[in-house]
Amino acid sequence: MEKTVRSVKPLQTIRPTSGWAALNLREIWQFRDLLTTLASRDVKLRYRQTALGVVWVLLQPLLAAGIFSFVFGKVAGLKSPGMVPYFVFAYAGQLGWGAFSSTLSKTSSCLVGNAQLVSKVFFPRLVLPISTVFSTLIDFSVALGMMFILLLLFGIHPSFALITLPFWLLIILMFAMGIGLLASAMMVSYRDVQYVLPVLTNFLQYGSPVAYSVTMVMTRLPVQYHFYYMLNPLVSLLEGLRWCLLGNNAPSPEWGWVFYSVVVSAAVFVWGAFGFKKMERKFADVI
């Protein structure tokens with residue numbers, strides 16, 4: 001009696017992706033357990049063997065705001081708009097910049113930092129940069145709590161604009177993720193990126209309204225340079241985040257430039273995601 005041979009369907013079929021299929025969100029959802037595991041690992045590693053633990057999340061923006069308020073507020077003699085103390089004004093800007101720079105730094109180094117995992121195990125590589133966002137959100141939430149304490153201490157009342165906070169945070173993270181995805185993919189082949197990126201990030205910080213207002217720039221910068229300054233998407237995004245936190249005590253952003261920043265951030269994110277997926281095949285061999 002002949003035995004019937006049945007074909008067994010493989011559990012996982014690995015095929016190269018192309019076109020819009022490169023952004024396979026369903027595949028990422030299938031690996032959600034790995035995503036949560038990597039996210040929790042990043043949070044634990046961040047505070048392991050630290051004497052102050054989560055206090056560092058508060059010290060970093062507080063120290064930065066203190067330095068900015070001294071250098072720009074006292075030495076340079078700049079004034080914050082409205083009746084907001086310069087320290088609170090600078091802290092609000094540092095809150096948005098911290099979310100951007102932290103996401104960019106963690107995303108860009110996630111592949112090189114997990115080289116052994118990338119070279120030996122199959123999983124959607126996009127899981128690694130996405131997992132870094134969770135620790136940024138935790139840090140932002142803790143620092144945001146301090147922001148509300150400062151508002152209470154100085155008697156500043158937020159307005160209805162506070163409900164737009166998720167919007168500003170989402171666009172800032174989207175912009176940072178797009179740049180970080182490209183940087184992480186390039187860093188696999190060109191390790192020089194890990195040295196160049198921090199320098200460019202420092203330049204971008206002082207070219208963005210973190211420690212000063214856009215109003216101050218427009219009054220002191222020649223008119224012919226206003227357009228070029230506003231081409232930086234972070235200008236409108238940080239100003240919008242500060243407006244949503246300080247309410248009527250801070251000027252509202254120019255909504256035309258906000259729309260521009262949203263479009264640019266979305267385009268950079270899509271470009272970064274597709275560039276990441278296009279170079280993904282070489283990660284295991286090169287890293």
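**Rings and cores**

Modeller: Keep in mind that this is a predicted model. Phe100 counts as buried, because its relative accessibility is 0% and the cut-off for buried is under 20%.

Biologist: OK, and how many aromatic pairs does the structure hold?

Modeller: There are 11 aromatic pairs. In one of them, Phe100 and Phe175 are stacked, at 5.7 Å centre to centre with 25° between the planes.

Biologist: Which parts of the chain does that pair link?

Modeller: Distant ones: Phe100 sits in helix α4 (residues 86–108) and Phe175 in helix α8 (residues 165–189), 75 residues apart. Phe175 is buried too, with a relative accessible area of 8%.

Biologist: What about Phe167 and Trp168, how are their rings arranged?

Modeller: Their planes are at 70°, so that pair is edge-to-face, with the centres 5.0 Å apart. Trp168 is buried at 0% relative accessibility, whereas Phe167 is partly exposed at 34%.

Biologist: Switching topic: which residues have the most contacts inside the largest nonpolar core?

Modeller: Met147 and Leu245, in a core of 61 residues. Beyond its neighbours within four places in sequence, Leu245 is in contact with residues including Ala92, Leu95, Leu144, Met147 and Pro158. Another core, of 17 residues, lies apart from that one, and Leu38, Cys110, Leu181 and Val188 are among its members.

Key
Residues numbered from 1 in each chain as written. Predicted model: local features only at pLDDT ≥ 70, side-chain atom pairs only at ≥ 80, totals over all residues. Heavy atoms only, no water. Core = buried A, V, L, I, M, F, W, Y, C linked by side-chain atoms within 4.5 Å. Buried < 20%, exposed > 50% of the residue type's maximum accessible area, 1.4 Å probe, protein only. Contact = heavy atoms within 4.5 Å. Phe/Tyr/Trp six-rings, centres within 6.5 Å; stacked < 30°, edge-to-face > 60°. Helix = DSSP H or I, 4+ residues; strand = E, 2+ residues; numbered from the N terminus.
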